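Take a moment to look over the chain as a whole before turning to its parts.

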Amino acid sequence: DWTMGAYREQAIAAIKEQVGDAHVICALSGGVDSSVAAALLHEAIGDQLTCVFVDHGLLRLNEAEEVVGMFRDHMNLNVIHADESELFLGELDGVSDPETKRKIIGRLFIDVFQKYANGIEGAAFLAQGTLYPDVIESVSFSGGPSVTIKSHHNVGGLPEKMGLKLVEPLRELFKDEVRALGVELGLPKSFIGRHPFPGPGLAIRCPGEITREKLEILRKADAVYIDQIRRHGLYDEIWQAFVAILPVRTVGVMGDGRTYDFACALRAVTSVDGMTADYYPFSHEFLGETATRIINEVQGINRVTYDITSKPPGTIEWE
Ligand code: XMP
């Protein structure tokens, strides 16, 4: 797309001008915005950029390896994989209140990012994937009970505290333009088209107490579900799809014996901006096939339900 090609050149020149020969740090989440921001900065300033990927142990199956692998090994960015899952899961142990979970994760995220950033010699700038709608929103809208996709990784107030200046190379763009720019920069289309994923990750898809056992089961079930959606060619029609593992075990039969395993709920919604959403009208055939696959392939789950709540009154996530 020629427009994005022109934008890209102009944005690169602006970054070079702003940053000079200083070093820039960036929190890379693997989401579209931070990924495109990182790729653009890398084009502009190469090795002067270091990304920190905070791994809270609440990511999807193989997610950390995929994101770090792509940016570090495939695109040659400096990426620190901050594997702090022990820390996060330790602090979350026994916590079941949703907002407390969010607060713990948000606080630790900042601490961890700061710790790694302090170790980066000569950092003078913090890069953020702020978009045009975020710029507008922060002026006119002061947020609801749940934070936006961005604000968890948006290390608000941190730049001043750390003596860093901000670089926000996507500030003039809308989401679809960011996607186009990402493609222009060579990020894979499948990566650019990924569903949004909340900052607190699987913590809010595991209602009640989080345990390693539940997380492991959830990861496997979610991977089967997403695989089903992709195989049926439905991924791009859906805004977000995921599994929530329910804090209840139910009885089932398997062969000659009875099982007593977790129940899970599948969620899939269509939406324009996440503010309102409709549940996705899967065929019964698809749902039946998916339930069978999850129960056969994921040890620890013996019951699958489909969440048919729209938003409002429901939320997209379960917590
Ligand atoms: P809800 O569940 O409120 O979700 O209907 C709307 C959108 O926001 C995402 N979401 C979050 N993102 N931190 C985030 O970064 C959060 O605490 C959070 N809670 C919900 C959710 O995935 C959906 O896209």
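What radius of gyration does the chain have, and what would a compact globule with 319 residues have? The chain has 20 Å, which agrees with the value near 20 Å for such a globule, where the radius is taken over C-alpha atoms and the globule rule is 2.2 Å times the number of residues to the power 0.38. This is a predicted model, in which local features need pLDDT of at least 70 and side-chain atom pairs count only at pLDDT 80 or more, while totals for chains, interfaces and linings use all residues. Residues are numbered from 1 along each chain as its sequence is written.

Along the principal axes, the C-alpha atoms fill a box of roughly 70 × 40 × 40 Å. The chain is divided into domain 1 (2–192) and domain 2 (211–306), with bounds that come from an automatic or database domain assignment, and the centres of these two domains, taken over C-alpha atoms, are separated by 29 Å.

Turning to the interior, 37% of the 319 residues count as buried, that is, with 20 or more other C-beta atoms within 10 Å of their own, C-beta atoms being placed from the backbone.

Terms used
Buried ≥ 20, exposed ≤ 12 C-beta atoms within 10 Å, placed from the backbone.
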